Amino acid sequence: MTIEASDSARVDYSRVFTQAIDRLHAEGRYRVFIDILRNKGAFPNARCFAGHNGPKPVTVWCSNDYLAMGQHPKVIAAMEEALHDVGAGSGGTRNIGGNTHYHVDLEAELADLHGKEGALLFTSGYVSNEATLSTVAKILPGCIIYSDELNHASMIAGIRNAGCEKRVFRHNDLAHLEELLAADDPAMPKLIAFESVYSMEGDIAPIAAICDLADKYNALTYLDEVHAVGMYGPRGGGISEREDVAHRLTIIEGTLGKAFGVMGGYVAADQTIIDVIRSYAPGFIFTTSLSPVLVAGVLASVRHLKSSSVERDGQQAAAARMKAMLADAGLPVMQGETHIVPLMVGDPVKAKKISDVLLAEYGIYVQPINYPTVPRGTERLRFTPGPAHDEAMMRELTDALVEIWGRLELKKAA
Ligand SMILES: Cc1ncc(COP(=O)(O)O)c(C=O)c1O
């Protein structure tokens with residue numbers, strides 16, 4: 001006998017899904033993806049396919065290919081060579097057939113970049129955070145993780161999947177972190193998880209002071225350097241290299257998809273910890289390894305940025321110039337000490353409107369940043385000027401923003 005639910009008791013799946021999307025529309029934070037192709041060798045110029053008018057030229061202002069390494073001739077050449085030498089894919093997981101010589105070389109290069117005994121590659125920075133945090137905390141029975149309130153979603157996912165105790169400390173607030181550490185049993189394993197550069201605010205964590213607290217309370221440290229590797233430190237080892245504290249951190253995590261311009265993620269740490277993650281983390285074990293073509297490109301990029309500071313210097317100069325121009329124009333630019341240039345709007349509908357007008361009328365592409373990427377009420381535009389953004393592009397952007405600010409009667413800087 002089959003049992004059928006009456007019509008009123010049947011789940012209307014389609015309605016539930018539609019309502020979920022309707023909620024996003026109602027809050028003004030439904031996401032629309034742009035459809036572009038970047039012009040190789042001419043970054044930040046791209047072609048935009050939206051509107052069905054054929055490709056239209058746009059200037060990209062929100063790329064995380066911060067140093068344009070994704071188009072660097074050495075990176076392209078290394079990828080072409082690898083493609084012709086070994087083909088497209090790795091053919092397997094790291095354990096079964098997919099451990100290529102490129103992977104081995106890149107891990108050695110990344111371990112050296114951070115002065116650590118070992119490094120481990122993942123298919124993205126997201127996966128490296130999720131897999132490592134969840135695995136390390138599971139290996140340490142009773143582990144408590146102390147997490148900065150602005151930590152990235154991938155760290156939060158890792159902490160949640162660890163199933164361990166979690167304490168959230170106020171952003172970069174050492175007193176609050178210490179209060180939480182001091183309140184817990186000294187005998188329990190502890191791990192402090194934080195970022196160096198917070199990518200939506202553009203501020204930097206007090207890494208040395210957090211390491212002092214870690215020493216005092218016998219805690220491990222986990223630093224996400226995703227928005228710093230390649231860009232800070234004499235060899236691109238991140239803020240921890242710049243401030244000479246890499247040796248004090250237990251695990252340093254980074255991405256290969258932003259300043260290094262390609263794709264992938266990694267952690268660097270002592271050999272035993274690397275061995276634990278390699279041996280226990282499902283997100284490392286049960287997935288096809290990165291394509292050797294990508295790894296070859298990253299190798300060229302990491303090696304280049306270890307010895308060249310031209311890109312880093314150009315980026316810092318462009319960011320400082322851009323912040324000064326926006327501030328001079330009376331626009332509410334959030335002043336920070338990093339390469340990130342956020343412009344506060346404080347409303348999701350207005351942030352999207354500004355972005356739409358910039359694209360449609362000025363050929364300027366910047367994505368609005370809404371909840372949950374940033375807290376509600378702090379919606380913003382986030383510009384990432386790099387070495388290839390010149391003075392004329394910055395002037396064009398500033399003038400466009402001033403015009404739109406006036407047109408939409410938005411608040412100027414206080
Ligand atoms: C702080 C932070 N950590 C990790 C990630 C994930 O890195 P990936 O893009 O390589 O997955 C991101 C963003 O993408 C990030 O902003």
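Guide: Helices are DSSP runs of H or I with at least four residues, strands are DSSP runs of E with at least two, and both are numbered from the N terminus. The model shown is predicted, with local features needing pLDDT of at least 70 and side-chain atom pairs counting only at pLDDT 80 or more, while totals for chains, interfaces and linings use all residues. Residues are numbered from 1 along each chain as its sequence is written, and side-chain values use heavy atoms, with hydrogens and water left out.

Visitor: In which helix does Lys-350 lie?

Guide: Lys-350 is partly exposed, at 39% relative accessible area; that class lies between buried (under 20%) and exposed (over 50%), with a 1.4 Å probe and protein chains only. Lys-350 and Arg-380 are 30 residues apart in sequence and 9.2 Å apart in space, C-alpha to C-alpha. The helix that holds Lys-350 spans residues 348-362 and is α13.

Visitor: Which helix gives the most to the shell around the ligand?

Guide: The ligand is surrounded by 13 residues, where a residue is near a molecule if one of its heavy atoms lies within 4 Å of it. Gly-125, Tyr-126, Asp-224, His-227 and Thr-255 are the closest. With three residues, spanning 125-139, the top contributor is helix α4.

Visitor: How many residues of the shell around the ligand are charged?

Guide: The classes put Ala, Val, Leu, Ile, Met, Phe, Trp, Tyr, Cys and Pro under nonpolar, Asp, Glu, Lys and Arg under charged, and the others, Gly among them, under polar. The shell has two nonpolar and eight polar residues, and its charged residues number three.

Visitor: How many disulfides does the structure hold?

Guide: A disulfide is a pair of cysteine sulfur atoms within 2.5 Å. The sulfur of Cys-164 has its closest cysteine sulfur in Cys-143 at 5.3 Å, so it is too far for a bond; the sulfur of Cys-211 is 16 Å from its closest, also in Cys-143, and again too far. The number of disulfides is zero.

Visitor: Which backbone oxygen does the side chain of Ser-301 reach?

Guide: Ser-301 sits in helix α11, residues 292-307. At 0% relative accessibility, Ser-301 counts as buried. At 2.8 Å, its side chain reaches the backbone oxygen of Phe-260.

Visitor: In which loop does Pro-44 lie?

Guide: The peptide bond from Phe-43 to Pro-44 is cis, with omega near 10°. Pro-44 lies in the loop between β1 (36-38) and β2 (45-48).

Visitor: Is Asn-218 buried or exposed?

Guide: Asn-218 lies in the loop between α7 (207-216) and β10 (220-224). Its phi is near 55°, a positive value in a residue other than glycine. At 62% relative accessibility, Asn-218 counts as exposed.

Key
A polar contact is a pair of N or O atoms within 3.5 Å; within protein, one must be able to donate a hydrogen and the other to accept it, and residues adjacent in sequence count only if both atoms are side-chain atoms.
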